[in-house]
Amino acid sequence: MHPNAYLKNIRNVQCGLLARTKILVLLETQGFNASKIAQESDLSYGVVTYHLKLLKSEGTVERKGNRRYVWLVTGLGQKRLG
């Protein structure tokens, strides 16, 4: 592995953690759709949907509704935030 590859992976992890933290802080008090999360967090829509899918797969958030899904923090997500 090239030495710079390790540093790139660290930066990617840090960026991902920052993005997920921004998303979870927004969802901590109320649900939002992905567009509103992107607008409020200054993240791109693509970044938001990518991280929402990751958070959903680990059970931290869930989506409710049809079409314009509202994303909410789950009970497990609340425990992790606490």
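Visitor: Which helices each supply at least two residues of the lining of the largest pocket?

Guide: Helix H2 (34–41) and helix H3 (45–57) do. H3 gives the most, with five residues. Bear in mind that this is a predicted model.

Visitor: What makes a residue part of that lining?

Guide: A lining residue has an atom within 4 Å of a point of the pocket. For the largest pocket, 13 residues line the space, and those closest to its centre are Ala 34, Tyr 45, Thr 49, Tyr 69 and Trp 71. The pocket holds about 220 Å³ of space.

Visitor: How do the residues of the lining divide into nonpolar, polar and charged?

Guide: Five are nonpolar, three are polar and five are charged. Tyr and Trp count as nonpolar here.

Visitor: How do you know which parts of the model the predictor is confident in?

Guide: The pLDDT of each residue, from 0 to 100, gives that confidence. The mean for the protein is 84, and 79% of the residues reach 70 or more. Confidence is highest in H2, at a mean of 96, and lowest in helix H4 (residues 75–81), at 71.

Visitor: Why is Thr 74 called buried?

Guide: Its relative accessibility is 13%, and buried means under 20%, so Thr 74 counts as buried. Thr 74 sits in the loop between strand E2 (70–73) and H4.

Visitor: What does the side chain of Thr 74 reach, and why is that called a polar contact?

Guide: The side chain reaches the backbone oxygen of Gly 59 at 2.6 Å. The cut-off for a pair of N or O atoms is 3.5 Å, with one able to donate a hydrogen and the other to accept it, so the pair at 2.6 Å qualifies. Leaving aside neighbours within four places in sequence, Thr 74 is also in contact with Thr 60, Val 61 and Glu 62, besides Gly 59.

Visitor: Is Asn 33 buried or exposed?

Guide: Asn 33 has a relative accessible area of 17%; the limit for buried is under 20%, so Asn 33 is buried. This residue is in the loop between helix H1 (3–27) and H2. Its side chain reaches the backbone nitrogen of Lys 36 at 2.8 Å. Not counting residues up to four places away in sequence, Asn 33 touches Arg 68, Tyr 69, Val 70 and Trp 71. Tyr 69 and Trp 71 are also among the residues closest to the centre of the largest pocket.

Visitor: Why is Leu 24 called buried, and where does it lie?

Guide: Leu 24 has 12% relative accessibility, and the limit is under 20%, so Leu 24 counts as buried. Leu 24 lies in helix H1. Between Leu 24 and Ile 37 there are 9.6 Å from C-alpha to C-alpha, with the two 13 residues apart in sequence.

Visitor: How many of the residues count as buried overall?

Guide: Of the 82 residues, 29% do.

Conventions
Residues are numbered from 1 along each chain as its sequence is written. This is a predicted model: local features need pLDDT of at least 70, side-chain atom pairs count only at pLDDT 80 or more; totals for chains, interfaces and linings use all residues. Side-chain values use heavy atoms; hydrogens and water are left out. On a 1 Å grid over the protein atoms alone, a cavity is a set of points where a 1.4 Å probe fits but cannot get out, and a pocket is an open set with protein on both sides within 12 Å along at least five of seven lines; lining residues have an atom within 4 Å of a point. Grid points are joined across faces, edges and corners, and a volume is the space filled by probe spheres set on the points. Helices (H or I, at least four residues) and strands (E, at least two) are DSSP runs, numbered from the N terminus. Buried means under 20% relative accessible area, exposed over 50%, partly exposed in between (1.4 Å probe, protein chains only). Contact means heavy atoms within 4.5 Å.
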